[in-house]
Amino acid sequence: MNKCFISRRRRLCNLLQEKGLEVLIITQPANLYYLTGFTGEAGALVAMRAEAALIIDGRFTVQAREEARGVSIRLQKSTLPEAVGRFLRAARVKRVGYDPAALSVAQFRELRRAAGGGRVWRELSGLVEGLRAQKDPSEIAQIRNAARLASNVLIDILKLLKPGVREFEIAAEIEYQMRRRGASGPAFQTIVAFGERSALPHARPTGRKLGKKELVVLDLGAILGHYCSDITRTVFVGRAPERIRHWYRAVREAQAAAVAAARAGVECGEVDGAARRVLAGYRLDRYFVHSTGHGLGLEVHEEPRVAQGQKQRLKPGSTITIEPGVYVPGTGGIRIEDDVAVLPEGSEVLTRVPRDFIEL
Ligand code: ZN
Ligand code: ZN
């Protein structure tokens, strides 16, 4: 594992060189883990061309020494921005890159003051995120494990969907089952939505009870070995009316079309378009109110965005969700979501739950 952190830092150094920078300041926890193996939720990596320093506070001293390899570890004696600033001053570096999305205005001011004059500051967004978007086979294996875990939980949870059960009971059971199987936690707030609440793409579980003939949307994901999974299935409790079956057929066909389109070299917008065209054929496209998917990795939403007009091309190692849906306000919604790894040839669907319409 140590080797991969070193090779990632080397790739980052090459990028810094290309951009004419001496240093990049990195503070996002997922990026810290990606580049060093450190799992603490606070700290800063000062990545220079020849070396890197991890600056942390006293809570993380032991953890940083155990986890972070090949970087020098420095204990901050003041606030993090001030400690980073002082480090830059002592290292006498001039051209400094930072991610404006990762620092508040107040933090940046403090950093600049502590670093002193004579430095050139360059905003640089998403450099590490760009590297993270292309997963290596060991990362895909981790996501596959997280995806299998979430798939198994979803299959088991279907047995608990009986009239009278409440949304929050199912959500609690899902998260308990994930932890029982070794997940470090849910990758995001579990979504459980019954009946007309399934028309809310991001429904938070409530005390609503499951009725006798209703839609159920379950959207869940686990973090396992630092990597996230994300899966959605929609089922019907009882026998579904023809209108619901029709919507389900449309979403399933749209999802299959987008999964088939997700190949190396294809623009993300084309993958989105593949799903949208199928729904338009069913005259349901106006009920598809979000994008088709998102990158998945150390974070549950990362690069690339699989959305309308996105020109970014998929590459071998891109790992994304495909999750079209149809949401009819006041009536109900249907979403089917799988995790897909793009390979040099074709792709692999990592989540393993049948996509046939299930009536319980
Ligand atoms: Zn999801
Ligand atoms: Zn998702």
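## Reading charge pairs in a predicted model

Author: Start with one pair: Asp57 and Arg59 form a salt bridge, with their closest N and O atoms 2.8 Å apart. This is a predicted model, where local features need pLDDT of at least 70, side-chain atom pairs count only at pLDDT 80 or more, and totals for chains, interfaces and linings use all residues. Side-chain values use heavy atoms, without hydrogens and water, and residues are numbered from 1 along each chain as its sequence is written.

Reader: What is a salt bridge?

Author: Side chains of opposite charge can pair when their charged atoms come close. The cut-off here: a side-chain nitrogen of Lys or Arg within 4 Å of a carboxyl oxygen of Asp or Glu.

Reader: Is Asp57 buried or exposed? And Arg59, buried or exposed?

Author: Read the relative accessible area: buried is under 20%, exposed is over 50%, and partly exposed lies in between (1.4 Å probe, protein chains only). Asp57 has 16% relative accessibility, so Asp57 counts as buried. Arg59 has 58%, so Arg59 is exposed.

Reader: How many salt bridges does a search of the whole structure find?

Author: The search finds 24. Take Glu299 and Arg132: their closest N and O atoms are 2.8 Å apart. Glu299 lies in the loop between strand 13 (293-295) and strand 14 (302-306), and Arg132 lies in helix 6 (residues 127-132), so the pair ties together parts 167 residues apart in sequence. Helices (H or I, at least four residues) and strands (E, at least two) are DSSP runs, numbered from the N terminus.

Reader: Which residues are linked with these two in a network of salt bridges?

Author: The network links Arg132, Lys135, Glu299 and Glu302. Arg132 is buried, at 2%. Glu299 is partly exposed, at 37%.

Reader: What about Arg249?

Author: The side chain of Arg249 meets that of Glu242 in a salt bridge, at 3.1 Å from N to O. Arg249 is partly exposed, at 43% relative accessibility.

Reader: Now the whole protein. How many helices and strands does the protein have?

Author: Ten helices and 19 strands. Buried residues make up 54% of the 360 residues.

Reader: How do I read the contacts?

Author: A contact means heavy atoms within 4.5 Å. Count contacts between residues at least 6 apart in sequence: 67% of them join residues at least 24 apart.

Reader: What are the dimensions of the box?

Author: Along the principal axes, the C-alpha atoms fill a box of roughly 70 × 40 × 35 Å.

Conventions
Chains are lettered from A and ligands numbered from 1 in the order in which they are written.
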